Amino acid sequence: MRTIELSNHPARRRERIERGIATEHAAIYARHQSELADHAALLGRLQAERDEARSKRRWLRSIGLAFNIWVTRQQAPRAPYIPQRESDEVEKISAGMLGEQQAAEFFDGALDDDWVLVRGYKNRRGEIDQLLLGPTGLIAIEVKSVNGVVGCVADEWWLDRFDRAGRHREHKPVVDNSGRSPSRQLNEPTDLLAEHLRRHGYTELQIVRVVLLIHPRSGVGEVSDLTVHLLTNRPAILLERCVKGQPRILPESHVRDIANLIVEDHRSHRPRGRHPADRANTR
């Protein structure tokens, strides 16, 4: 299988968050160092005044200053609290990147050189994690690395978590930062890509849409009125349903042409200037 990596948006986002974390932590550290310096300066002044009072035998003042010194020492600035909220976000992004890589490695081991995997395609409606293109057609895949049981009704998705004893612990919606469910995350950019391919003559090509749960402890729960073609937690099921036994509808020349159209469309939506994490590599 040939892989075309257009860009790595999660890596860019993780790098941006990590830079923000480093800047925030540096500011917290600098503020703490300034507070420590101010505290040390205050102690130094009090100790100098105490020593002066002692030298002049002003015992009551020296005792009062000694007490002030003790109180001031108790008020030394504590080590700063370092917030972990953004660090948790970095871990979430890293887990998602690992899940996408695991899926890509599975496809690479299961499919021959007739197939192309396009990673990181993006247009103005969003990003498609992976596009699997070969003789039996084109598959758009949204990869989710979530620990829990995912269910949905149409475009409303949720995640349920259970403890080891099977007790329900958490129920929450599954949405991205803009509030879109996985099906909307996948369908919106896929619809736009389908329009682009139709304009170039591929009017009959249906893009199969799949949400793939890749976390080892993910599961599929209640599902109804699914607005994508498949929701599964097993890459093998994806291939069985969408590849194996399906008719060969795309000759090799069409596969190459569609891959080129996808790359060109991605580049047409790319902002000016390139980020080091973005690349258009093939292997």
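In β10, Thr232 is the bridge partner of Leu212. This link belongs to the pairing of β8 with strand β10 (residues 230-232), which runs in the parallel sense over three bridges in this predicted model. β8 also has strand β4 (residues 137-144) as a partner, again in the parallel sense, here over seven bridges. Within that pairing, Leu138 finds its bridge partner in Ile207 of β8. Strand β8 itself (residues 207-213) is mostly covered, with six of its seven residues buried.

As for the individual pairings, strand β6 (residues 156-162) and β7 go together in the antiparallel sense, over five bridges. One of the residues involved is Trp158, whose bridge partner in β7 is Pro173. In general, strands of a sheet pair through backbone hydrogen bonds, and they do so either parallel or antiparallel.

Ser181 sits in the loop between β7 and α4 (182-199). Is Ser181 buried or exposed? With a relative accessible area of 3%, it is buried, because the cut-off for that class is under 20%. A polar atom of the Ser181 side chain lies 2.8 Å from the backbone oxygen of Asp155. Asp155 also turns up among the residues in contact with Ser181 once neighbours within four places in sequence are left aside; the others are Trp157, Val174 and Val175.

Ala154 belongs to the loop between β5 (148-153) and β6. Its phi is near 55°, a positive value in a residue other than glycine. Ala154 has 26% relative accessibility and so counts as partly exposed.

A positive phi also shows up at Arg57, at about 60°, although Arg57 is not a glycine. Arg57 is found in the loop that lies between α1 (9-55) and α2 (59-74). How much of Arg57 is accessible, in relative terms? The relative accessible area is 63%, so Arg57 counts as exposed, the cut-off being over 50%.

On the aromatic side, the count comes to two pairs. Phe106 and Phe107 form an aromatic pair that is edge-to-face, with 6.1 Å centre to centre and 75° between the planes. The angle makes this pair edge-to-face because planes over 60 degrees apart fall in that class.

Which residues of α6 are buried? They are Val255, Ile258, Ala259, Leu261, Ile262, Val263, Asp265 and His266.

Notes: Residues are numbered from 1 along each chain as its sequence is written. This is a predicted model: local features need pLDDT of at least 70, side-chain atom pairs count only at pLDDT 80 or more; totals for chains, interfaces and linings use all residues. Side-chain values use heavy atoms; hydrogens and water are left out. Buried means under 20% relative accessible area, exposed over 50%, partly exposed in between (1.4 Å probe, protein chains only). Helices (H or I, at least four residues) and strands (E, at least two) are DSSP runs, numbered from the N terminus. Two strands pair if DSSP finds at least two bridges between them. A polar contact is a pair of N or O atoms within 3.5 Å; within protein, one must be able to donate a hydrogen and the other to accept it, and residues adjacent in sequence count only if both atoms are side-chain atoms. Contact means heavy atoms within 4.5 Å. Rings of Phe, Tyr and Trp (its six-membered ring) pair if their centres lie within 6.5 Å; planes under 30 degrees apart count as stacked, over 60 as edge-to-face and the rest as tilted.
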